[in-house]
Amino acid sequence: MDEPDLTGGFVALLGLKFDEASADRVVIRWQVRPELHQPFGIQHGGVYCSVVETAASVGGALWLGDRGQVVGVSNQTDFLRAVRDGELTAVGTPVHRGRSQQLWQVEITDADDRLVARGQVRLQNLKPA
C-alpha cells in the first residue's frame with residue numbers, strides 16, 4: 001500500500017502535524033489561527049469535522065493496508081467548547097474494524113487537556129478493483 005500523504009493538500013492547508021500515525025492510533029496537532037475561525041472568532045466546526053475524518057481515514061487506511069481503500073460514509077462530530085487560539089490535539093482510535101466497515105472515535109483536546117470536540121467516523125472498506 002502506498003503511504004498516505006500526511007504533508008500536502010488539505011492537511012497542509014489546515015496546518016496539521018502528525019505526531020503518530022498507525023493502524024491503532026492517530027495523533028494530530030494543529031494551531032488555531034484566525035483563518036480557521038468562523039465569523040464570530042472561534043475555531044470553525046468544519047475544521048473539527050475535517051480533523052476527525054482525517055484521523056479516522058489515515059488510521060483506517062493503515063489498518064486495511066493492501067487489502068483495499070477506505071472511504072468515509074458517516075461523520076458525526078460534536079463541538080463541546082469554543083476555542084479562539086492555542087494548540088489542539090486530536091487522538092483517533094478504532095472502535096470496530098470489520099470485513100466491510102470500520103468505526104473510529106476521535107477526541108480533540110486543548111492545551112489544558114479539556115475536551116473541546118469529539119467525533120466518530122464510519123469508514124467503508126473497498127476491495128481493490
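1. Let's start with K127, which sits in the segment after strand 6 (strands are DSSP runs of E, at least two residues, numbered from the N terminus). Please keep in mind that this is a predicted model, where local features need pLDDT of at least 70, side-chain atom pairs count only at pLDDT 80 or more, and totals for chains, interfaces and linings use all residues. Residues are numbered from 1 along each chain as its sequence is written, and side-chain values use heavy atoms, with hydrogens and water left out.

2. Is K127 buried or exposed? K127 counts as exposed because its relative accessibility is 69%; exposed means over 50% relative accessible area, buried under 20%, and partly exposed in between (1.4 Å probe, protein chains only).

3. Which residues does K127 touch, not counting those up to four places away in sequence? They are R67 and G68, where contact means heavy atoms within 4.5 Å. Q31, by comparison, is 96 residues from K127 in sequence and 36 Å from K127 in space, C-alpha to C-alpha.

4. Now have a look at D110, in the loop between strand 5 (101–109) and strand 6 (115–126). D110 is buried, because its relative accessible area is 11%. Leaving aside neighbours within four places in sequence, D110 is in contact with R81, E87, L88 and V116. The D110 side chain also reaches the backbone nitrogen of D112 at 3.0 Å.

5. Finally, visit V73 in strand 3 (residues 69–79). With a relative accessible area of 46%, V73 is partly exposed.

How values were computed
Helices (H or I, at least four residues) and strands (E, at least two) are DSSP runs, numbered from the N terminus. A polar contact is a pair of N or O atoms within 3.5 Å; within protein, one must be able to donate a hydrogen and the other to accept it, and residues adjacent in sequence count only if both atoms are side-chain atoms.
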